[in-house]
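Please read the model that follows with its sequence at hand, since the paragraphs below move from individual side-chain pairs to the packing of helices.

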Amino acid sequence: MDAQGLDWLLVPLHQLVSWGAAGAMIFGGVVPYIPQYRDIRRTQNAEGFSPYVCLVLLVANILRILFWFGRHFESPLLWQSIVMILAMLVMLKLCTEVRVANELNVKRRLFADFDPHHFWHWSSFADYVQCVLAFTGIAGYITYLSIDSSLFVETLGFLAVLTEAMLGVPQLYRNHRHQSTEGMSIKMVLMWTSGDTFKTAYFLLNGAPLQFSVCGLLQVLVDLAILAQAYIFSRHPPKPAPHTTHPTSAKAL
């Protein structure tokens with residue numbers, strides 16, 4: 001009787017918690033990029049942030065949306081992908097504008113040149129949009145032709161979450177190459193770690209496809225590796241290079 005009497009409180013409370021978890025799932029993924037976005041805008045320097053992070057997330061979330069057409073999963077995960085794509089385009093626009101403004105007498109690089117040496121390092125945000133649209137069109141057409149194949153659909157889902165699991169790898173590699181995390185927002189990585197931990201727990205508790213849970217765990221491990229880099233490089237900063245006639249490059253990936 002007492003349990004039934006509490007239903008009027010527990011049912012709406014449970015619903016409220018479910019809505020809160022869904023909202024955190026949809027918008028929580030973009031929150032880590034707010035400190036990095038503000039740092040780049042304040043300093044007008046994007047060298048500490050790898051634009052390949054945006055590439056990884058754009059590809060991963062486009063593939064995840066296509067996976068949804070073959071195997072429906074929870075709506076918050078679908079909306080999360082849409083929100084993340086928009087956020088990465090905004091981030092990419094700022095990074096491109098800042099980088100181009102700091103470049104002097106550099107030949108204009110276009111997506112239409114199809115030069116692999118300049119891939120994802122073009123001179124205009126419009127070229128990145130063209131690349132994203134081209135990839136979406138090709139991947140979407142292949143998915144349309146193969147949507148009836150369960151093997152293709154499951155592989156597509158695995159590629160989507162595996163690509164997202166590799167999110168931190170460009171930043172991990174950049175830090176290793178420069179032996180420094182200067183310019184990288186520690187707040188961003190801490191938010192990555194907390195967000196990925198929450199996301200993985202959400203996958204496990206809500207019975208998401210197995211690919212989501214496995215790759216979520218991998219993503220948390222990459223986040224922890226980046227935090228370990230930040231700790232190690234702060235304790236043992238690299239010795240300044242001796243002055244030479246050849247200028248060094250601090251350009252991120």
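By about how many helical turns are arginine 42 and aspartate 39 separated in helix 3? Being three residues apart in helix 3 (residues 33-43), the two are separated by about one helical turn; helices here are DSSP runs of H or I of at least four residues, numbered from the N terminus, as strands are runs of E of at least two. An α-helix has 3.6 residues a turn, so residues three or four places apart point the same way. This is a predicted model, in which local features need pLDDT of at least 70 and side-chain atom pairs count only at pLDDT 80 or more, while totals for chains, interfaces and linings use all residues. Residues are numbered from 1 along each chain as its sequence is written, and side-chain values use heavy atoms, with hydrogens and water left out.

The side chains of arginine 42 and aspartate 39 meet in a salt bridge with an N to O distance of 3.3 Å, where a salt bridge is a side-chain nitrogen of Lys or Arg within 4 Å of a carboxyl oxygen of Asp or Glu. Arginine 42 is exposed, with a relative accessible area of 62%, whereas aspartate 39 is partly exposed at 26%; buried means under 20% relative accessible area, exposed over 50%, and partly exposed in between, with a 1.4 Å probe and protein chains only. The count of salt bridges by this rule comes to four. One of them joins glutamate 97 and lysine 93 at 2.5 Å, N to O, and both of these residues lie in helix 5, four residues apart, or about one turn of the helix. Glutamate 97 is partly exposed at 44%, and lysine 93 is partly exposed at 37%.

Another salt bridge is formed by arginine 71 with glutamate 154, whose closest N and O atoms are 3.1 Å apart. Because arginine 71 lies in the loop between helix 4 and helix 5 (75-102) and glutamate 154 in helix 7 (residues 150-165), the pair ties together parts that are 83 residues apart in sequence. Arginine 71 counts as partly exposed at 33% relative accessibility, and glutamate 154 counts as partly exposed at 30%.

Turning to the aromatic side chains, a pair of rings is described by the distance of the centres and the angle of the planes. Rings of Phe, Tyr and Trp (its six-membered ring) pair if their centres lie within 6.5 Å, with planes under 30 degrees apart counted as stacked, over 60 as edge-to-face and the rest as tilted. The count by this rule comes to 10 aromatic pairs. In one of these, tryptophan 68 and phenylalanine 69 have ring centres 5.3 Å apart and planes at 80°, so the pair is edge-to-face; phenylalanine 69 counts as exposed at 52% relative accessibility. The rings of phenylalanine 119 and tryptophan 120, by contrast, have centres 6.0 Å apart and planes at 40°, so this pair is tilted. Phenylalanine 119 counts as partly exposed at 34%, while tryptophan 120 counts as buried at 1%. Both belong to one aromatic cluster formed by Phe111, Phe114, Phe119, Trp120, Trp122 and Tyr128. The C-alpha atom of phenylalanine 111 is separated by 7.4 Å from that of glutamine 130, 19 residues apart along the chain, and glutamine 130 lies in helix 6 (residues 125-146).

In helix 8 (residues 169-178), Pro170, Gln171, Arg174 and Asn175 are buried. Seen down the axis of helix 8, the buried residues fall within an arc of 135°, so they line one face of the helix; the arc is that of the directions from the helix axis to the C-beta atoms. These buried residues pack against helix 4 (52-70), helix 9 (186-205) and helix 10 (210-235). Just after helix 8, glutamine 179 takes a positive phi of about 50°. Threonine 181 lies in the loop between helix 8 and helix 9 and counts as buried at 13% relative accessibility. Leaving aside neighbours within four places in sequence, threonine 181 is in contact with Asn175, Gln229, Ala230 and Phe233, contact meaning heavy atoms within 4.5 Å.
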